[in-house]
Amino acid sequence: MTKDTSSTSNNTGKRYPTHHHPIIARRPKFRFDVIESFQNEEELLQRFYQKYLEINPTIITGWNVDGFDIPYLYNRTTKVMGKSIANALSPIGEVFYSEHKKRYKIAGVSVLDYLALYKLYNYTQKSSYRLDAIGQDEV
């Protein structure tokens with residue numbers, strides 16, 4: 001038996017070619033998934049920034065967003081589309097790396113990294129701070 005590498009599936013059971021870059025968005029109010037497929041990374045990033053600017057968030061939250069998501073998104077966008085597009089994460093067009101805080105700062109957007117908050121308010125040392133490990137410990 002050979003493994004089919006021409007397509008992959010997601011948790012909806014739908015299949016899409018591996019050369020496409022899908023975005024899967026949950027819409028609980030409507031109870032269905034929206035899947036958008038893109039021919040390349042640049043198209044995916046263009047759509048992401050279009051949606052991001054439409055939403056215009058003032059707060060970004062997530063687990064380890066300061067350590068992974070924001071640096072990856074900013075640096076990848078800078079490489080693929082240029083710094084001016086990457087700076088669109090900020091409503092005033094200013095994103096910079098803070099050597100003091102060791103993270104990117106998005107001017108005009110508050111970032112609440114739940115990993116940092118968890119470490120700040122949990123007074124015991126954990127063997128792993130992976131989200132799945134913390135979930136197992138806490139639930």
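Predicted model: local features only at pLDDT ≥ 70, side-chain atom pairs only at ≥ 80, totals over all residues.

Me: How many bridges join strand β6 to strand β7?

Reply: Strand β6 covers residues 95–98 and strand β7 covers residues 103–106, and the two run antiparallel. One of the pairings sets Phe 96 against its bridge partner Lys 105 in β7. The number of bridges that join β6 to β7 is four.

Me: Which residue in the hairpin of β6 and β7 takes a positive phi?

Reply: The hairpin has four residues between its strands. The positive phi, near 60 degrees, belongs to Lys 102.

Me: Are helices α1 and α2 parallel, perpendicular or oblique to each other?

Reply: Helix α1 spans residues 41–55 and helix α2 spans residues 65–81, and their axes come within 10 Å and cross at roughly 120 degrees. Angles of 65 to 115 degrees would count as roughly perpendicular and those over 145 as roughly antiparallel. The passage of α1 by α2 is a left-handed crossing, and by their angle the two helices are therefore oblique.

Me: Which residues does Met 81 contact, leaving aside its neighbours within four places in sequence?

Reply: Met 81 is found in helix α2, and this residue is among those that meet α1, where the α1 side includes Phe 48 and Tyr 49. Although Met 81 and Leu 45 are 36 residues apart along the chain, their C-alpha atoms are separated by 8.3 Å. With the sequence neighbours set aside, the contacts of Met 81 are Glu 42, Leu 45 and Gln 46.

Me: Are the rings of Tyr 74 and Tyr 104 stacked, edge-to-face or tilted?

Reply: With ring centres within 6.5 Å taken as a pair, the count comes to eight aromatic pairs. Tyr 74 lies in helix α2 and Tyr 104 in strand β7, so this pair ties together parts that are 30 residues apart in sequence. Their ring centres are 5.1 Å apart and the planes stand at 45 degrees, so the pair is tilted.

Methods. Residues numbered from 1 in each chain as written. Heavy atoms only, no water. Axes fitted to C-alpha atoms, helices over the stretch in contact; angles between N-to-C directions. Parallel < 35°, antiparallel > 145°, perpendicular 65-115°, else oblique. Left-handed = near helix turned anticlockwise from the far one by under 90°. Contact = heavy atoms within 4.5 Å. Pairing = 2+ DSSP bridges. Phe/Tyr/Trp six-rings, centres within 6.5 Å; stacked < 30°, edge-to-face > 60°.
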